[in-house]
There are 2 protein chains.
Amino acid sequence: MNLILLLEEDLITKDRVILYGRRLEHISKVHRANTGDTLNVGLLNSLMGRGKIISMDKRSVEMEITLDHEPPPPLPLTLVIALPRPKMLRRILQSAAALGIKEIYIINSWRVEKSFWLSPFLAPDRLKNELITGLEQAKDTIMPKIYLKRLFKPFVTEELLLLAKGGRSSRLSTSSTSAANNSGINQCKPVAITAHPGAIYPCPERITQSSILVMGPEGGFIDIEIATLEQAGFTTVNIGRRILRLETAVPFIVSKLY
Amino acid sequence: MNLILLLEEDLITKDRVILYGRRLEHISKVHRANTGDTLNVGLLNSLMGRGKIISMDKRSVEMEITLDHEPPPPLPLTLVIALPRPKMLRRILQSAAALGIKEIYIINSWRVEKSFWLSPFLAPDRLKNELITGLEQAKDTIMPKIYLKRLFKPFVTEELLLLAKGGRSSRLSTSSTSAANNSGINQCKPVAITAHPGAIYPCPERITQSSILVMGPEGGFIDIEIATLEQAGFTTVNIGRRILRLETAVPFIVSKLY
């Protein structure tokens, strides 16, 4: 937790917060902080700054906060992943949030095990907890949006096709616009790719547009899924001879693209 | 398991193997393969090819193998990490092996919890199992070497200093020489960097030399450790405003460098 993420309901006045539970425990046991110490804080979907501990006991910690700078710019990449096994899902969500990804689509695919869709980790609060962990790790305050899409074909042929044509997702075109503009990203048609082992084209590098990255399940997309994605405007690309797991491949590709 | 990794002791003749246990189970339950099917195989520290299932029952599987091509070239990067918590260690070893890293030093540092050094996962066989998982994932056969270094200062001021000056590690200068030469990597002094949040210099990109990448524990190296590394020739570099966990940062940096 490199940043203590604050929620609106933690505020008792406009510059005071009281925290309990998980964050209190982290502040006392990991940071080993005491009254008078200052810590990095940030208000969810808002500014970041410093919090000075005014008082602290076993039940709560009170801080005086100064919020004076913007969170880091969002990564202009929309991530579309076939639902992985729950443990991997948790890690990839933390990692995606830490990398600055703000739009995550979790989709079905032929090789996704049906039972994964029954996982308790797909509950909105559980998903959100993983994203918060990633934001706290990377020092960011802007909560990513997650969309669950259980029907592959209508999602790809309708929604994803539209996104690939440059139909902006609501998120990047509204709340994060100023940050996206600041990051010098070209607002035209996004680079739309499916990372797939054995593909002929190499992964693009150092792009200046936004992008949509689609990644298959363990064992990969089946041929007809790749064909459907190609018809929707997605170029199938490889990232080298080595087949990487989702959690390794995502930061690897993000780093290539930007 | 995108590749079934074979050991010398699995060979019953020069082109026949019998497998039991974990690999048998994977072949029957995940690949759902039957007699007559062929699978990707590779011999540890040797060639890769195909294995055709000759017979298979609940106790064992026999394959006829043809080994006819080289594993992918090694990544010319030596990874030096402060010992992370055991769960993270397992994942980072799998990921490092999948990325093609062949030299891994695990070191102590002020902020490494002492108890981590008592973890049963540091037993040579346990470490090796994680590396095998990474090789099987990425389709590679060359086993990385792991060195455990519990004394930070003598390691950095003696061994690491020598490596940074271009004293070659035994591994990359012998068994992997042909592959390293094939990869077009310049054999001169390596790029030596410590990735550290808040560092002034940016991480180098698209280098043509080999490299040594040092990464600290959760919470980072302390100032005197950074100073010791700098004296040993390591430039302290940042990878952006976001602080990434080890398992996310390593593929991110590898992808920047090569």
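Trainee: How many residue pairs are in polar contact across the interface of domain 1 and domain 2 of chain A, and what makes a pair count?

Mentor: In this predicted model, the rule finds 4 residue pairs there, both residues being at pLDDT 80 or more. A pair counts because an N or O atom of one residue lies within 3.5 Å of an N or O atom of the other, one able to donate a hydrogen and the other to accept it, while residues adjacent in sequence count only through two side-chain atoms. Strand β4 (residues 38-43) of chain A, a DSSP run of E with at least two residues, gives the most to the domain 1 side, with 3 residues. That side divides into 5 nonpolar, 4 polar and 1 charged residues, where charged means Asp, Glu, Lys or Arg, nonpolar means Ala, Val, Leu, Ile, Met, Phe, Trp, Tyr, Cys or Pro, and the others, Gly among them, are polar.

Trainee: Why is the meeting of A:Glu136 and A:Arg22 called a salt bridge?

Mentor: Their side chains come to 2.8 Å, N to O, and the rule asks for a side-chain nitrogen of Lys or Arg within 4 Å of a carboxyl oxygen of Asp or Glu, so the pair qualifies. The count between the two domains is 1 salt bridge.

Trainee: What makes A:Arg91 and B:Glu247 a salt bridge?

Mentor: Their N to O distance is 4.0 Å, and the cut-off is within 4 Å, so this pair stands at the limit of the rule. The count between chain B and chain A is 6 salt bridges, and 22 residue pairs are in polar contact across that interface. On the chain B side, the largest share, 7 residues, comes from α8(B), a helix (DSSP run of H or I, at least four residues).

Trainee: How do you know how many residues each chain brings to the contact?

Mentor: Contact means heavy atoms within 4.5 Å, and it takes 34 residues from chain B and 34 residues from chain A. The chains bury about 2800 Å² between them, 46% of it on carbon and sulfur atoms.

Trainee: What conventions lie behind these values?

Mentor: Residues are numbered from 1 along each chain as its sequence is written, and chains are lettered from A and ligands numbered from 1 in the order written. Local features need pLDDT of at least 70 and side-chain atom pairs 80 or more, while totals for chains, interfaces and linings use all residues, and side-chain values use heavy atoms, leaving out hydrogens and water.

Definitions and conventions. Buried area is the accessible area (1.4 Å probe) that two parts lose on being put together, summed over both.
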